Amino acid sequence: MDRRWVGSDGYEIVLGMRAGRQVLRVRRNGRLVAECASVSEVARHVDLADLCEVIALPARPRKTGRETARTSSHHR
């Protein structure tokens with residue numbers, strides 16, 4: 001799963017690879033601002049306290065037609 005953080009003013013930090021090493025890509029409104037080798041380098045571009053990690057939640061299981069009919073009959 002990809003990890004990313006978003007902040008105010010359209011900033012986004014995503015993990016990436018460059019020359020076989022992991023980097024933190026700082027983007028603003030979709031445009032690359034910098035590729036940083038450390039968190040302290042990221043802090044030069046964005047306030048770390050403003051960042052929130054985006055966590056993908058698992059999708060809900062889909063209901064079959066039989067379960068949907070059974071569920072909807074209870075709400076009558």
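Colleague: In what order do the five strands form the open sheet, and how are they paired?

Modeller: In this predicted model, the five strands form an open sheet ordered E4-E3-E2-E1-E5, with antiparallel pairing. Two strands count as paired if DSSP finds at least two bridges between them. The strands themselves are DSSP runs of E with at least two residues, helices are runs of H or I with at least four residues, and both are numbered from the N terminus. The edge strands are E4 (31–36) and E5 (52–54), each of which pairs on one side only. On average, neighbouring strands of this sheet are turned by 35 degrees against each other, direction ignored. For such angles, axes are lines fitted to C-alpha atoms, for helices over the stretch in contact, and the angles run from 0 to 180 degrees between N-to-C directions.

Colleague: What conventions apply to the numbering and to the model?

Modeller: Residues are numbered from 1 along each chain as its sequence is written, and side-chain values use heavy atoms, with hydrogens and water left out. As the model is predicted, local features need pLDDT of at least 70 and side-chain atom pairs count only at pLDDT 80 or more, while totals for chains, interfaces and linings use all residues.

Colleague: Which elements does the protein chain contain, from the N terminus on?

Modeller: The elements run β-β-β-β-α-β-α, which comes to two helices and five strands.

Colleague: How many bridges join strand E1 to E5?

Modeller: Three bridges join E1 (residues 4–6) to E5, and these strands run antiparallel. Arg4 has Val54 in E5 as its bridge partner.

Colleague: Which residues are linked in a network of salt bridges?

Modeller: Arg18, Arg25 and Glu35 form that network. Glu35 pairs with Arg18, their closest N and O atoms being 3.0 Å apart. Because Glu35 lies in strand E4 and Arg18 in strand E2 (residues 11–18), this pair ties together parts 17 residues apart in sequence. Arg25 also forms a salt bridge with Glu35, with the closest N and O atoms 2.6 Å apart. Arg25 belongs to strand E3 (residues 21–28) and Glu35 to E4, so this pair ties together parts that are ten residues apart in sequence.

Colleague: Is Arg18 buried or exposed?

Modeller: Arg18 is exposed, with a relative accessible area of 54%, whereas Glu35, at 25%, counts as partly exposed. Buried means under 20% relative accessible area, exposed over 50%, and partly exposed in between (1.4 Å probe, protein chains only).

Colleague: Which residues make up the largest nonpolar core?

Modeller: In soluble globular proteins, nonpolar side chains tend to be buried together. A nonpolar core is a set of buried Ala, Val, Leu, Ile, Met, Phe, Trp, Tyr and Cys residues joined through side-chain atoms within 4.5 Å. The largest one has nine residues: Tyr11, Ile13, Leu24, Val26, Ala34, Cys36, Val42, Val46 and Leu51. E2, E3 and E4 are the elements that give two or more residues to this core. Cys36 counts as buried, at 2% relative accessibility.

Note on methods. A salt bridge is a side-chain nitrogen of Lys or Arg within 4 Å of a carboxyl oxygen of Asp or Glu.
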